[in-house]
Amino acid sequence: MRRYWPFGLLILAATVAACASASHSGTSGRADPHGDPGLSTAQMSKLLNAVQTASAATSQAVLVEEGKRLFESTTLSKAGQSCATCHPSGGGVNMAAGIITHPTKAGDFTGPRTPIPLWGVAHTAPYTWDGHVATLSQQVTNTVLTFFSAGKTQPASTTAGQAAAILAYVSTLGPPPTAFDNGTMSAQALEGQKLFNSVGCVECHEGPFFTDNKLHVLGVPQVGNSDDPGNAALPGAFNTPELRDVKALAPYMHNGIFADLPRVLDFYSGNREVGIRQLTGPEKDAIVAFLMSL
Ligand code: HEC
Ligand code: HEC
């Protein structure tokens with residue numbers, strides 16, 4: 001049976017997660033660019049208001065240019081990396097450099113998380129694989145606080161200005177144009193598109209970015225001895241990823257368990273947890289051809 005988690009529930013889940021995470025502040029571990037910044041709920045909401053004010057105070061064009069500079073700067077972060085090390089061209093992914101292996105702090109789970117593409121990121125809430133971050137503003141502010149060396153010590157107004165700029169920049173990122181956009185998909189890919197819709201992929205991967213912005217329990221296997229719990233409030237649930245440029249995202253799923261798209265289709269075929277019927281070899285090939293054209 002499919003399980004749907006309405007967005008309202010998710011906000012509740014995010015609140016629960018935020019309250020629970022307050023107790024982790026003060027623990028230290030390996031750097032996670034998207035780690036828990038350890039601010040109280042009140043401090044964070046004050047900071048998010050400052051981000052909103054900074055966004056409104058400056059023209060979008062200036063913010064976008066400044067945001068790109070910050071996103072690509074290798075001098076602001078702790079390890080001499082930039083956001084673009086793991087998110088190349090702004091929206092792409094560098095799997096070799098970008099996989100974050102947990103635990104990254106005391107009490108954390110064990111297991112890898114693959115980088116997520118930022119194409120259309122303004123439309124793909126909630127954020128991170130377990131969806132515990134409700135807004136892009138919050139996600140970007142977390143990265144500034146945890147990834148930039150001065151993130152936690154610099155004045156809040158500086159953090160807010162940097163977050164506003166990066167937020168404006170990443171909001172401009174659209175996927176590279178493909179056969180899907182150009183209307184030049186092969187006959188096999190067109191057949192795959194029909195199957196994608198008729199067998200039920202589209203129920204979760206819907207809209208221009210192929211995500212329903214919800215969490216689902218699919219039963220994706222753990223890698224090795226990992227114990228990634230997914231969403232803290234909804235165990236085993238992960239955030240439906242967008243599928244634009246999915247050909248460039250191997251290995252697949254939150255933990256990279258599937259090396260290529262045919263293996264993803266083998267996982268879905270006949271999967272009763274997800275509600276997908278058994279697919280024939282040619283059907284799987286056609287859906288892969290469709291995915292390759294996105
Ligand atoms: C070491 C690699 C690495 C670096 C550096 C990095 N990221 Fe990420 N990024 C990731 C990974 C991995 C995830 C997925 C994390 C998860 O779900 O647990 C992610 C997720 C995100 C997301 C959420 C996307 C979504 O749709 O859920 C955003 C936004 C983001 N990163 C922005 C940034 C910004 C801005 C910076 C720089 C300030 C940055 N990242 C630096 C690896 C990285
Ligand atoms: C019930 C909702 C649901 C349905 C139905 C569904 N998916 Fe997914 N899909 C998800 C979720 C959630 C994930 C992330 C799971 C994880 O990482 O643990 C995912 C992950 C993926 C990925 C990996 C993307 C990446 O960046 O790693 C691909 C490819 C994909 N799905 C294609 C399909 C295809 C093709 C179908 C139909 C055969 C399908 N999905 C049906 C929810 C769904």
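Predicted model: local features only at pLDDT ≥ 70, side-chain atom pairs only at ≥ 80, totals over all residues.
Residues are numbered from 1 along each chain as written, and chains are lettered from A and ligands numbered from 1 in written order. Local features need pLDDT of at least 70 and side-chain atom pairs 80 or more, while totals for chains, interfaces and linings use all residues; side-chain values use heavy atoms, without hydrogens and water.

User: Which protein residues are donors of the iron atom of ligand 2?
Analyst: Donors are N, O and S atoms within 2.8 Å of the metal (3.2 Å for Na, K and Ca); water is not among the atoms, so sites may look incomplete. The protein donor atoms here, NE2 and OH, lie 1.9 to 2.1 Å from the iron. They belong to His-205 and Tyr-268.

User: Which parts of the chain does the pair His-205 and Tyr-268 tie together?
Analyst: The parts are 63 residues apart in sequence. Helices (H or I, at least four residues) and strands (E, at least two) are DSSP runs, numbered from the N terminus. His-205 sits in the loop between α9 (187-198) and β3 (215-217), and Tyr-268 in helix α10 (residues 261-268).

User: Is His-34 buried or exposed, or in between?
Analyst: His-34 (NE2) and His-87 (NE2) coordinate the iron atom of ligand 1 at 2.0 Å. Buried means under 20% relative accessible area, exposed over 50%, partly exposed in between (1.4 Å probe, protein chains only). His-87 is buried at 11%. His-34 has 28% relative accessibility, so it counts as partly exposed.

User: What is the arrangement of the six donor atoms around the iron atom of ligand 1?
Analyst: Six donors count as octahedral if opposite donors are over 155 degrees apart and all others between 65 and 115. The angles here run from 76 to 179°. The arrangement is therefore octahedral.

User: How is α2 oriented to α7?
Analyst: The axes of α2 and helix α7 (residues 156-170) come within 8 Å and cross at roughly 60°. Axes are lines fitted to C-alpha atoms, for helices over the stretch in contact, and angles run from 0 to 180 degrees between N-to-C directions. Angles under 35 degrees count as roughly parallel, over 145 as roughly antiparallel, 65 to 115 as roughly perpendicular and the rest as oblique. So α2 is oblique to α7.

User: Is Ser-269 buried or exposed?
Analyst: Ser-269 lies in the loop between α10 and α11 (281-292). Its relative accessibility is 10%, so Ser-269 counts as buried.

Key. Tetrahedral: all angles 85-135°; square planar, octahedral: opposite > 155°, others 65-115°.
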